[in-house]
Amino acid sequence: MTEPANSRPRLIIPRLGSLYAALHESAETLLRVAAGALLATHGYGKILDPFGMTSMVEHLGFYPGVFWSPLLAVTEFFGGILIAIGLFTRPAAFAAMIVLAVTAHFHGIVRSEGLAGAEKSILWMLVMLFFVIRGANRHSVDAKLGRQF
């Protein structure tokens with residue numbers, strides 16, 4: 001016997017259902033804004049010195065570093081801003097997800113830190129994957145424009 005696609009598990013405390021429903025979209029917006037703002041904050045130092053990571057990216061095998069270092073800075077700083085405001089959310093989150101996959105590899109394998117070193121990058125990568133799949137909600141510039149990727 002199959003259940004309808006819209007069936008959800010019954011809540012142990014049913015009265016919380018309306019609270020969960022009311023906060024659903026707000027929580028998603030908060031996650032997007034926080035993730036974007038934190039990514040932009042992390043990229044702020046890189047955007048001030050876009051070639052500062054040249055040797056690090058070359059150490060990871062990304063040549064030429066003078067190309068990849070500024071791209072990293074732009075992806076983190078401006079991509080974070082785009083994610084926070086919800087403009088071009090999916091492509092910005094996809095680019096950030098790629099950067100985070102590389103940092104997970106860097107910490108987990110290159111620096112031999114294992115899961116302990118990579119877990120934060122993996123978690124943030126999955127947050128970005130959520131927004132690649134989901135896009136932005138109605139509290140976004142994408143929604144105000146009436147178009148999304």
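Colleague: Before we start, what should I keep in mind about numbering and confidence?

Modeller: Residues are numbered from 1 along each chain as its sequence is written, and side-chain values use heavy atoms, with hydrogens and water left out. Because this is a predicted model, local features need pLDDT of at least 70 and side-chain atom pairs count only at pLDDT 80 or more, while totals for chains, interfaces and linings use all residues.

Colleague: Okay, how many helices and strands are there in the chain?

Modeller: The chain has 6 helices and 0 strands, where helices (H or I, at least four residues) and strands (E, at least two) are DSSP runs numbered from the N terminus. Read from the N terminus on, the elements are α-α-α-α-α-α.

Colleague: How much of the chain is buried?

Modeller: Buried residues account for 31% of the 149 residues, with buried meaning under 20% relative accessible area, exposed over 50%, and partly exposed in between (1.4 Å probe, protein chains only). As for contacts (heavy atoms within 4.5 Å), among those between residues at least 6 apart in sequence, 66% join residues at least 24 apart.

Colleague: Let's go to the helix pairs. How do H1 and H3 cross?

Modeller: The axes of H1 and H3 come within 7 Å and cross at roughly 155°; axes here are lines fitted to C-alpha atoms, for helices over the stretch in contact, and angles run from 0 to 180 degrees between N-to-C directions. H1 and H3 are therefore roughly antiparallel to each other, given that angles under 35 degrees count as roughly parallel, over 145 as roughly antiparallel, 65 to 115 as roughly perpendicular and the rest as oblique.

Colleague: What is the handedness there, and which residue classes are involved?

Modeller: H1 passes H3 in a left-handed crossing, that is, the near helix is turned anticlockwise from the far one by less than a right angle, clockwise being right-handed. The contact of H1 with H3 has 15 nonpolar, 6 polar and 3 charged residues, where Ala, Val, Leu, Ile, Met, Phe, Trp, Tyr, Cys and Pro count as nonpolar, Asp, Glu, Lys and Arg as charged, and the others, Gly among them, as polar.

Colleague: Which residues does isoleucine 47 touch?

Modeller: Isoleucine 47 lies in H1, which covers residues 16-48, and, leaving aside its neighbours within four places in sequence, is in contact with Ala73, Val74, Phe77 and Phe78. At 21% relative accessibility, isoleucine 47 counts as partly exposed.

Colleague: Next pair: how do H3 and H4 sit?

Modeller: The axes of H3 (residues 65-85) and H4 come within 9 Å and cross at roughly 140°, and the two helices are therefore oblique to each other. Their crossing is left-handed. Residues of H3 including Leu72, Gly79 and Ile83 meet residues of H4 including Ala92, Ala96 and Val99, and the contact divides into 8 nonpolar, 3 polar and 1 charged.

Colleague: And H4 with H5?

Modeller: The axes of H4 (residues 89-110) and H5 (residues 114-134) come within 8 Å and cross at roughly 165°, which makes H4 roughly antiparallel to H5. H4 passes H5 in a left-handed crossing, and their contact has 16 nonpolar, 7 polar and 2 charged residues.

Colleague: Which peptide bond is cis?

Modeller: The bond from tyrosine 63 to proline 64 is cis, with omega near -5°, and proline 64 is found in the loop between H2 (54-59) and H3. Most residues other than glycine have a negative phi, and most peptide bonds are trans.
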